[in-house]
Amino acid sequence: MALTTQRVDVPVIVDESKCLEKCVACIEVCPLDVLVKNPETGKAYMKYDECWFCLPCEKECPTGAITVQIPFLLR
Amino acid sequence: MNIQYLKTDFLVVGGGTAGTMAAIKAKQASPESDVLILEKANIRRSGAIAMGMDGVNTAVIPGNSTPEQYVREITIANDGIVNQKAVYETGRLGFEVIQELESWGVKFQKDHEGNYDLKQVHRVGKYVLPMPEGKDLKKILARQVKRHKVNVTNRVMATRVMVQNGRVTGAVGLDVRNGNMVVIQAKAVVLCTGACGRLGLPASGYLYGTYENPTNAGDGYSMAYHAGAELTNIECFQINPLIKDYNGPACAYVASPFGAYTANAEGHRFINCDYWSGQMMLEVYKELHSGKGPVHLKMYHLDDDTISEIERVLWDNERPSRGRFHEGRNENYRTHGVEMNISEIGLCSGHSASGVWVNERAETTVPGLYAAGDMASVPHNYMIGAFVYGRIAGENAMDYVRDLEHRSPDADFLAAEQERIYRPLNQPNGVPHTQVEYKLRRLVNDYLQPPKSPHNMDIGLEKFVAYEDTLNVMGASDPHELMRCMEVHFIRDCAEMAARASLFRKETRWGLYHYRLDYPEKNDDEWFCHVNLKKGENGDMELFKRAVEPYIVDVNLKEEVYDVAVR
C-alpha cells in the first residue's frame, strides 16, 4: 500500500512558552487521547486530528498554554 | 506486546454516567467485593457528560409528577413499543438518585422556597430540572468512585466480552497507550459504553464532529452482540435537531423555559413541543422540505438579560465550545436564530430506544451480563436513567456473583481475539483507519438515513457485510491507531444491525426514526412488537419479533396519538 502524509489544520494549539515540561494535565484528561509530549522538547502537541472540541485540556491546563479552536471543517 | 491478567468480582466496562454509579452502588452493596472500572479514556472526563450537563430531563419529583405519569408520557412518545416495567424504574428511583447526587455536591436548580425548579419540555409533564452549575458533575463522580474504593483502569478499551458455558466470565481489552492486551476475569460484567455516536457521517465531514462524545463508537452494542445477547429497537435510530455544522444541541430544553422556541425561516412555530421524539423530527424534516427552511432556535425576541442567562448556561456546561463557534461566525442570539439541521443517524436509547435488551433488573439475555446507560434499551432514559440503571445493575450484579467462582479464560478464544486486535499492526502500511471509517460512515448516510427505502437499504446491507473484508486491509502504526481500528469494527457491526432491523420492520413508526417510504403507515396488527436481533448458533444475525410486555400503566394508544405539529 502506498501512503502519503497530508497537512491538516489542527484544533488544539499549544503555546510552547507556557507549556510545562513535567506536566501531563491535558494529556490525562483528553477523552480522545490525541495529545502527546514531543520527546525532544517536553512540550505537548496534538498528534492525532480527532478532536471533540470539548475543552478539558484547555480548562485543566495550569498555565493557560492551550487554546482549542473549532475544527476548520465546522468553523 | 504483553498480556496483562486482571481479576475482579464485578467488571464495569465504561466509566461514564452509568458506569461510575454501577461501581459505587456495587461497593455500597458489597464493600468487601472487588469492583473494577475499565475506561478507554479517563473517568475524570469521559462519557457523554465529559464536560458536564446543563439539566436533568427525566426527573420524577414527588409533588410534581408520578412514575405512572412518566411511564404514560414515554409510552405515548414511543408509539407504545416499551417495556413499561423498565421505564417505571427510572421514574421510581430517579428522585433518590437526585438526592444522593445532591449529597455529593451536585447542584440542581431550586426556586425561592427551596423546591426543585422543574420545567415543562415534554408534551404533558414537568420532568426537566436545570443544572446551571452542572459542569463539575464528572469530577464529583470520579471523587465518589475513589472514596468507595473502586479500582479504576483508565486508557484500556474493552474489545470483547468473554462467555463460557452460557455465562459471562470477563472481558478482553487493549491498552491504548502501551498496546498490551488486557484479560480480565470477572464473575459479572456491566456494559456502560454509551451510544453508537459515530454511525452516520456528520454533514461537516469531520469524523469526530458528532453529537455524542466520539469515544462512544457503539462498543457495547457490538460486544453484547458477539456475547450472544439480544438487542432491540435498533431500527428506531437516534436523529437529533442540532446546531448546523457544530452538531451540538441547540438546546431548546434549556432555552424554551425562558421563552425560546423552534421556528422556521419566517420566524413561525411549526411544532408545539420541543421534546425530542421521532414525531418531532418528522415535523422538522417536513419543514426543511417545505420551502420554509432552514429552521432555527429563536431567541432574538427575548430581552438582553434573558439571553445573557441562556448564554451563561449553554456556554458553561454540556458543550462549552459553542460560544466560540458562534463568535467565529459573528452570530449573536440577539440578532440571529441558531440555524439547525437534522443530524446523521446514531444508536442511543438515552435519546431514542435502540439498545441492548435489558429488563427492569438491567439484565441482558446472557447470564451475568448487564447493561446500563445510553446503550441499554430503556427508551428516552437520558442521564437520570443512566444513573438509575447503573445503580440497578451494580446492586443486582453483587447478588448474582455471591456464590460464583472465576473461570480460566479459554485459550483458543484469547488467541483468536489477539490475532484480530493486532492484525493492523502487522501491516503498518495498510489503509489508514480514517479512510476506512470515513467510507463506512458515508455509506451509512447514503443508504440508511431516513426516510428509508428498501432497495437502498438492501444495497447498504450488502456493502456493510462486504466491509468485513475491508476491515482486514486496515493498517496501524501505534496502539492509538489500533484503538481507532477496533472502533471501526464496532461501527461496522452497528451499521449491519441498523440495516437488517430497518429492513425487518415493514411499517413506519416513531416518526422520522423509522419512516419507510414503501410502508408509510403504522401497522399495529403486525408490528406492535419489538424487533430483536442476536447472533445465532451458526454465527449469522437472526431477527425476530418480541412481544411487548403487558402494560402496568393503562394507556389508550388509539386516542392518545403523539402529534406535535402546529396546524
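**Notebook: chains A and B**

I began with a helix pair in chain B and noted that α13(B) and α14(B) cross in a left-handed sense. The model I am reading is predicted, and I keep that in mind for every entry.

**Entry 1: the helix pair.** I looked up where the two helices lie. In chain B, α13 covers residues 454-471 and α14 covers residues 479-504. Their axes come within 9 Å, and I noted a crossing angle of roughly 155°. I count angles over 145 degrees as roughly antiparallel, so α13(B) is roughly antiparallel to α14(B).

**Entry 2: what meets what.** Which residues of α13(B) meet α14(B)? I listed B:P454, B:M457, B:G460, B:L461, B:F464, B:V465, B:Y467 and B:L471. From α14(B), the residues I found in this contact include B:V488, B:H489, B:R492, B:A495 and B:E496. I then sorted the residues of the contact by kind, and they divide into 11 nonpolar, three polar and three charged.

**Entry 3: chain B as a whole.** I looked up the elements of chain B and found 15 helices and 18 strands. For the extent of the chain, I noted that its C-alpha atoms fill a box of roughly 65 × 55 × 50 Å along the principal axes. I also checked the radius of gyration. A compact globule of 567 residues would have one near 24 Å, and chain B has 22 Å, so the value agrees. Of the 567 residues in chain B, 58% are buried. Among contacts between residues at least 6 apart in sequence, 76% join residues at least 24 apart.

**Entry 4: chain A.** I turned to chain A, which has two helices and four strands. What order do the elements of chain A follow from the N terminus on? I read them as β-α-β-β-α-β. The C-alpha trace of chain A spans about 40 × 30 × 20 Å along its principal axes. Buried residues make up 37% of the 75 residues here. I also looked at contacts in chain A with a separation of 6 or more, and 55% of these are between residues 24 or more positions apart.

Note on methods
Residues are numbered from 1 along each chain as its sequence is written. Chains are lettered from A and ligands numbered from 1 in the order in which they are written. This is a predicted model: local features need pLDDT of at least 70, side-chain atom pairs count only at pLDDT 80 or more; totals for chains, interfaces and linings use all residues. A residue is buried if 20 or more other C-beta atoms lie within 10 Å of its own, exposed if 12 or fewer, and partly exposed in between; C-beta atoms are placed from the backbone. Two residues are in contact if their C-beta atoms, placed from the backbone, lie within 7 Å. The radius of gyration is taken over C-alpha atoms; the globule rule is 2.2 Å times the number of residues to the power 0.38. Axes are lines fitted to C-alpha atoms, for helices over the stretch in contact, and angles run from 0 to 180 degrees between N-to-C directions. Angles under 35 degrees count as roughly parallel, over 145 as roughly antiparallel, 65 to 115 as roughly perpendicular and the rest as oblique. A crossing is left-handed if the near helix is turned anticlockwise from the far one by less than a right angle, and right-handed if clockwise. Ala, Val, Leu, Ile, Met, Phe, Trp, Tyr, Cys and Pro count as nonpolar, Asp, Glu, Lys and Arg as charged, and the others, Gly among them, as polar.
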